[in-house]
Amino acid sequence: MTTVDGLPAHILLVHAIVVLLPLSALLLVLSALWPAARAKLAGPNAILSVLVVLLVPITTDAGEWLERRVAPTPLVRTHTELGDTAIWVAIPVAVLALLVWWRRRETGRAGRTFLAPASTAVTVVLAALSIAAAGAAVFDIYRIGDSGAQATWQGQFSTAGR
């Protein structure tokens with residue numbers, strides 16, 4: 001995907017990642033820590049987080065297309081390099097969201113449990129991993145977005161009033 005209605009697709013797709021990855025990270029933490037939220041949000045968040053994982057490479061590919069069409073600057077290079085890290089924070093969020101969703105089930109065939117839903121130890125480990133993955137995802141998306149804003153807007157406007 002290169003353009004949408006004459007605009008570079010990257011500038012449109014990036015907004016989906018900026019909203020949906022932190023949202024999925026927040027829902028992951030809520031689902032991991034709060035059983036009532038898990039019952040209602042784990043399934044939709046599992047779907048959302050997988051969608052984000054699929055959307056990240058589409059967005060970065062569109063960004064690489066755009067990079068070849070703008071002036072090569074150190075800020076653009078930094079943004080591109082940071083953008084390549086988004087997949088590495090989106091994947092753990094998705095994996096953990098799938099585990100939280102899968103674990104919400106009480107029992108499986110022949111009375112076996114899936115990932116020990118009643119185990120406090122497993123719950124604590126999954127919650128800690130979820131908090132760490134969510135924090136990393138939000139921080140990484142912030143860094144990527146900030147570098148993109150710097151690359152786009154630095155020196156492009158005047159701070160003097162009229």
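Colleague: Which elements do the buried residues of α5 pack against?

Modeller: The buried residues of α5 pack against α1 (9-33), α3 (74-83) and α4 (86-103). Buried means under 20% relative accessible area, exposed over 50%, partly exposed in between (1.4 Å probe, protein chains only); contact means heavy atoms within 4.5 Å. Helices (H or I, at least four residues) and strands (E, at least two) are DSSP runs, numbered from the N terminus. This is a predicted model: local features need pLDDT of at least 70, side-chain atom pairs count only at pLDDT 80 or more, and totals for chains, interfaces and linings use all residues. Residues are numbered from 1 along each chain as its sequence is written, and side-chain values use heavy atoms, with hydrogens and water left out.

Colleague: Which residues have the most contacts inside the largest nonpolar core?

Modeller: Such a core is a set of buried Ala, Val, Leu, Ile, Met, Phe, Trp, Tyr and Cys residues joined through side-chain atoms within 4.5 Å. Here the largest has 30 residues, and Leu-21, Val-52 and Val-56 have the most contacts inside it. α4 gives the most, nine residues. Val-52 touches Ile-17, Leu-20, Leu-21 and Ala-90, leaving aside residues up to four places away in sequence.

Colleague: Where does Asp-5 lie?

Modeller: Most residues other than glycine have a negative phi. Asp-5, in the loop between β1 (3-4) and β2 (7-8), has a positive phi of about 50 degrees. Asp-5 is exposed, at 81% relative accessible area.
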